[in-house]
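Keep the structure open beside you as you read.

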Amino acid sequence: MAQTLRRHDLVRVEPVAWAAWLGTRPDLAGIRHLYRWADMGRPLIVRRRVPGEGEEAVPLGLPLPPADGKRRIGLALPIGALTRMSAPGLAEAARQAPAVWHPAIDALLALGRDHAIAPRPFGSLLWQAVTGLTYLSATSDLDLLWPCPEPVPAGLLAGLDAVARRAPMGLDGEMLLADGTGVHWRELRDAPEGGSVLAKSLNGVTLRPVAALRERETA
């Protein structure tokens with residue numbers, strides 16, 4: 001599994017390993033939910049490895065809900081202590097979304113069907129869906145991953161832009177390429193044809209040429 005885990009993947013942690021790690025973090029003592037996080041089957045998310053982190057452990061992240069300070073906790077654990085968890089799709093997670101979001105979510109699901117792509121959430125909607133805790137607020141954005149071919153269809157980017165202009169919430173997220181690299185959808189949409197965009201993967205950030213990533217728009 002070590003070679004197949006990618007940024008944004010969800011994993012569950014063995015309770016013993018979780019307890020051992022918590023024992024190294026006295027600064028987290030007293031934060032509710034954390035003590036039983038693994039016992040409850042709540043996940044962590046694979047994040048980008050930062051400079052200085054080796055490959056002997058998997059880089060992970062956990063954002064606390066707003067009621068617990070909305071703190072982002074970074075850690076790294078051995079692959080043997082982790083089990084992959086399936087992430088919910090947007091259609092499944094939509095049950096947790098505010099009612100005012102539903103027309104925009106319906107439009108996004110329709111856009112996905114048009115391109116044979118199933119978007120899945122990350123950010124606040126994901127964490128509320130997989131933990132049962134309250135992460136969404138009146139100012140939350142909807143963050144989505146769109147597993148895409150290369151080049152990314154121009155119609156998908158244009159469709160996202162059209163939904164974003166009408167949506168009551170911010171619409172953020174990434175085009176997720178076949179190799180696990182993520183490219184911000186709006187940056188890819190707006191970049192000049194001869195330019196480059198930031199591409200994020202488990203092991204770092206690179207620049208990728210727009211011409212290779214974005215389908216040319218037809219007149």
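## A sheet and its helices

Strands β3 and β4 are partners: six bridges link them in the antiparallel sense. Two strands count as paired here if DSSP finds at least two bridges between them. Helices (H or I, at least four residues) and strands (E, at least two) are DSSP runs, numbered from the N terminus.

Before going further, a word on where this comes from. The model is predicted, so local features need pLDDT of at least 70 and side-chain atom pairs count only at pLDDT 80 or more, while totals for chains, interfaces and linings use all residues. Residues are numbered from 1 along each chain as its sequence is written, and side-chain values use heavy atoms, with hydrogens and water left out.

Back to the sheet. It is open and has five strands, in the order β4-β3-β2-β1-β5, with antiparallel pairing. On the edges sit β4 (72–77) and β5 (82–85), each of which pairs on one side only. From one strand to the next, the twist averages 40°. Angles like this run from 0 to 180 degrees between N-to-C directions, and axes are lines fitted to C-alpha atoms, for helices over the stretch in contact.

| Residue | Opposite residue |
|---|---|
| Leu10 | Met85 in β5 |
| Ile45 | Gly61 in β3 |
| Gly61 | Gly74 in β4 |

Strand β1 (residues 10–13) is joined to β5 by four bridges, and β2 pairs with β3 over two bridges. Is β3 buried or exposed? Six of its six residues are buried, so β3 is largely enclosed by the rest of the structure. Buried means under 20% relative accessible area, exposed over 50%, and partly exposed in between (1.4 Å probe, protein chains only). In a regular strand, side chains alternate between the two faces of the sheet. In β3, Val58, Leu60 and Leu62 point one way, and Pro59, Gly61 and Pro63 the other.

Helix α1 (residues 15–22) packs on this sheet and touches β1, β2 (44–46), β3 (58–63) and β4. Its direction makes about 120° with that of β4. Touching, or contact, means heavy atoms within 4.5 Å.

Now for α3 (residues 102–114).

Which residues of α3 are buried? They are Ala104, Ile105, Leu108, Leu109, Leu111 and Gly112. Looking down the axis of α3, these fall within an arc of 155°, so they line one face of the helix. The arc is that of the directions from the helix axis to the C-beta atoms. On the other side of α3, Pro103, Arg113 and Asp114 are exposed.

The buried residues of α3 pack against α2 (90–93), β7 (142–147), α5 (154–166) and β8 (171–176). The axes of α3 and α5 come within 10 Å and cross at roughly 175°. The two helices are therefore roughly antiparallel to each other, a label for angles over 145 degrees.

Finally, helix α4 (residues 124–131) is mostly covered, with seven of its eight residues buried. Trp127 is one of them. Just after α4, Gly132 takes a positive phi of about 80°.

Methods:
Parallel < 35°, antiparallel > 145°, perpendicular 65-115°, else oblique.
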